[in-house]
2 protein chains.
Amino acid sequence: MSSWQSEAEFLEHYDSRHYSGPLVSVDVAIFTLHEAQLKVLLVQRGEFPCKGRWALPGGFINMGGDADLYATARRKLKDKTGVDAPLLEQVCSLGNDARDPRGWSVTVLYMALVPWAPTAEFMESVTDARWWPVQWVDELAMAFDHAALIEAARDRLKNKTAYTVLPVHVLKRPFTLTQLQNAFELLMDTQLEKKSFRRRILNAKILEEAGEASPEGGRGRPAALYVPARGSEKHLFARVFGETA
Amino acid sequence: MSSWQSEAEFLEHYDSRHYSGPLVSVDVAIFTLHEAQLKVLLVQRGEFPCKGRWALPGGFINMGGDADLYATARRKLKDKTGVDAPLLEQVCSLGNDARDPRGWSVTVLYMALVPWAPTAEFMESVTDARWWPVQWVDELAMAFDHAALIEAARDRLKNKTAYTVLPVHVLKRPFTLTQLQNAFELLMDTQLEKKSFRRRILNAKILEEAGEASPEGGRGRPAALYVPARGSEKHLFARVFGETA
DNA sequence: GCAATAGTGTCTTTTAGACAGTATCCA
DNA sequence: TGGATACTGTCTAAAAGACACTATTGC
């Protein structure tokens with residue numbers, strides 16, 4: 001093809017404007033728990049294409065300011081929730097020539113888990129964004145293939161909850177084991193045995209005691225409070241949970 | 001920003017050439033088993049940048065011909081191995097402003113597993129590609145961040161082998177349980193108990209008997225032969241294997 | 001018979017499921 | 001005392017680890 005003698009010479013003559021590739025965006029499925037429901041943050045698009053429809057927070061990479069894909073995702077998360085470094089991880093990438101009317105486009109999908117409380121105040125200042133129960137997504141007019149993206153993130157969430165302690169990230173700390181079990185149940189969309197749950201979590205030594213609290217309704221025995229121990233995010237159970245094989 | 005009245009009008013005036021995003025490529029880490037070693041397919045780059053260095057098969061999306069990212073990956077796989085539809089799945093995407101000297105670039109990484117035999121003949125016609133034992137990758141002059149990509153794919157391979165029957169994809173069919181166990185051990189880089197292995201695989205009912213064969217060395221008791229049953233790729237074990245917790 | 005490979009019996013250990021039981025709070 | 005919530009005891013079941021054992025072949 002070309003006949004440059006060195007990489008330096010090649011790069012000197014390389015002009016990235018001659019490259020025309022697909023559109024690239026980063027989208028973030030941000031989940032939280034509120035009012036005993038799993039909710040996802042959606043923004044109503046103010047511009048074409050898909051103006052007026054609901055979409056995941058996301059957009060193009062800022063090639064000047066974003067050091068990497070994770071930085072783009074983190075920026076999007078902070079823009080909409082005000083929250084910084086909770087759980088934020090890549091789910092997958094999706095690209096084809098049909099998902100965006102502007103042409104071949106690729107999105108890198110991230111998912112985030114945040115406790116609801118710290119976002120509440122900030123969210124009031126973000127007029128175009130709101131939390132929707134995930135079950136309602138089917139009913140909404142969704143932009144692009146974002147309904148499918150949410151499902152992909154939702155699946156990952158469900159799967160990972162079965163062998164990690166991912167749900168600690170949607171609770172404000174400290175929390176009780178009952179609250180944690182509720183979080184697990186909502187993320188996995190299934191009921192769990194109380195005894196099995198507590199045995200599993202406590203035996204793994206991934207929580208630290210942090211006092212005790214009176215029960216939510218005011219009535220009942222006070223519950224022990226916990227915070228995640230250092231490194232608990234990395235704990236992998238050898239066996240998945242909640243399968244009545 | 002703009003003031004188009006309808007999506008059709010917006011699209012009519014949209015010119016994708018005004019968009020300047022990151023370079024996007026798809027790279028495929030293709031693994032096989034040969035001579036009792038896990039090997040990865042690398043090609044020696046003939047062009048700048050990184051001319052002369054070893055790289056994963058990959059390149060830009062053909063926006064005219066590739067329907068989606070998977071199609072691009074599949075094309076790359078077929079170009080280099082002649083093999084079509086074995087195991088091919090997305091691992092992750094990696095993007096930053098440092099991995100390619102041409103500027104901000106994103107790669108979508110796939111991994112593939114193929115039996116060695118069907119690739120052998122085709123590979124002779126592909127002069128710039130060869131199988132390298134994965135342990136040797138550290139010693140090679142690798143292009144871009146491809147050493148890191150290989151490690152990411154390798155990690156995924158190891159993890160998934162612990163709760164699926166992924167390794168069936170690197171064996172030519174039919175195979176014996178001993179061959180399958182060897183494949184598991186090479187992909188997981190650990191030793192497995194024979195009895196536990198056989199119990200796990202056979203109880204899961206994911207293999208079908210397919211006659212028997214005389215042992216490889218000519219000596220010894222003949223072994224039962226198996227092929228994967230339909231749907232076996234989707235089988236998920238509830239417990240990871242090979243952990244002496 | 002021996003070497004080599006294939007395959008089994010069986011005991012222990014770990015951890016989840018089931019579910020009834022006890023503990024501690026408020027009114 | 002009773003209702004509500006938190007927490008435990010304990011039996012069973014499933015599946016992995018360990019490892020010695022038997023089975024079938026070629027020489």
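This is a predicted model: local features need pLDDT of at least 70, side-chain atom pairs count only at pLDDT 80 or more; totals for chains, interfaces and linings use all residues.
Residues are numbered from 1 along each chain as its sequence is written, chains are lettered from A and ligands numbered from 1 in the order in which they are written, and side-chain values use heavy atoms, with hydrogens and water left out.

Chain A contains six helices and 10 strands. Helices (H or I, at least four residues) and strands (E, at least two) are DSSP runs, numbered from the N terminus. The C-alpha trace of chain A spans about 75 × 45 × 40 Å along its principal axes. Of the 245 residues in chain A, 48% are buried. Here buried means under 20% relative accessible area, exposed means over 50%, and partly exposed lies in between (1.4 Å probe, protein chains only). A contact means heavy atoms within 4.5 Å. Among the contacts in chain A with a separation of 6 or more, 64% are between residues 24 or more positions apart.

The next topic is the interface between the chains. It involves 44 residues of chain B in contact with 45 residues of chain A. The size of an interface is often given as the accessible area lost when the parts come together. Chain B and chain A bury about 3700 Å² between them, and 63% of this is on carbon and sulfur atoms. Buried area is the accessible area (1.4 Å probe) that two parts lose on being put together, summed over both. The rule finds 11 residue pairs in polar contact across this interface, both residues at pLDDT 80 or more. A polar contact is a pair of N or O atoms within 3.5 Å; within protein, one must be able to donate a hydrogen and the other to accept it, and residues adjacent in sequence count only if both atoms are side-chain atoms.

Which elements of chain B each supply at least two residues of the side that touches chain A? They are α1 (7-13), β1 (23-34), β5 (87-96) and β6 (105-113). The largest share, six residues, comes from β5(B). By class, this side of chain B has 25 nonpolar, 10 polar and nine charged residues. Ala, Val, Leu, Ile, Met, Phe, Trp, Tyr, Cys and Pro count as nonpolar, Asp, Glu, Lys and Arg as charged, and the others, Gly among them, as polar.

DNA strand C is surrounded by 25 residues, and the closest are A:R199, A:R200, B:K194, B:R198 and B:A224. A residue is near the strand if one of its heavy atoms lies within 4 Å of it. The surface near DNA strand C has five nonpolar, seven polar and 13 charged residues. At least two residues of this surface come from each of α6 (194-203) of chain A, α6 (194-203) of chain B and β10 (223-228) of chain B. Of the atoms of DNA strand C within 4 Å of the protein, 57% belong to sugar or phosphate and the rest to bases. The bases are approached by atoms of both chains. An N or O atom in the side chain of A:R221 is 3.2 Å from a base nitrogen of DNA strand C. For B:R199, a side-chain N or O atom is 3.5 Å from a base oxygen. A:G220 has a backbone N or O atom 3.4 Å from a base oxygen.

Side chains of opposite charge can pair when their charged atoms come close. The structure holds 16 salt bridges over all chains, where a salt bridge is a side-chain nitrogen of Lys or Arg within 4 Å of a carboxyl oxygen of Asp or Glu. Between chain B and chain A the count is zero. In chain A, A:R99 forms a salt bridge with A:D145, with the closest N and O atoms 2.8 Å apart. A:R99 lies in the loop between β5 (87-96) and β6 (105-113), and A:D145 in the loop between β7 (129-133) and α4 (146-161), so the pair ties together parts that are 46 residues apart in sequence. Both residues are buried. In chain B, the side chains of B:D145 and B:R99 also meet in a salt bridge (2.8 Å, N to O).
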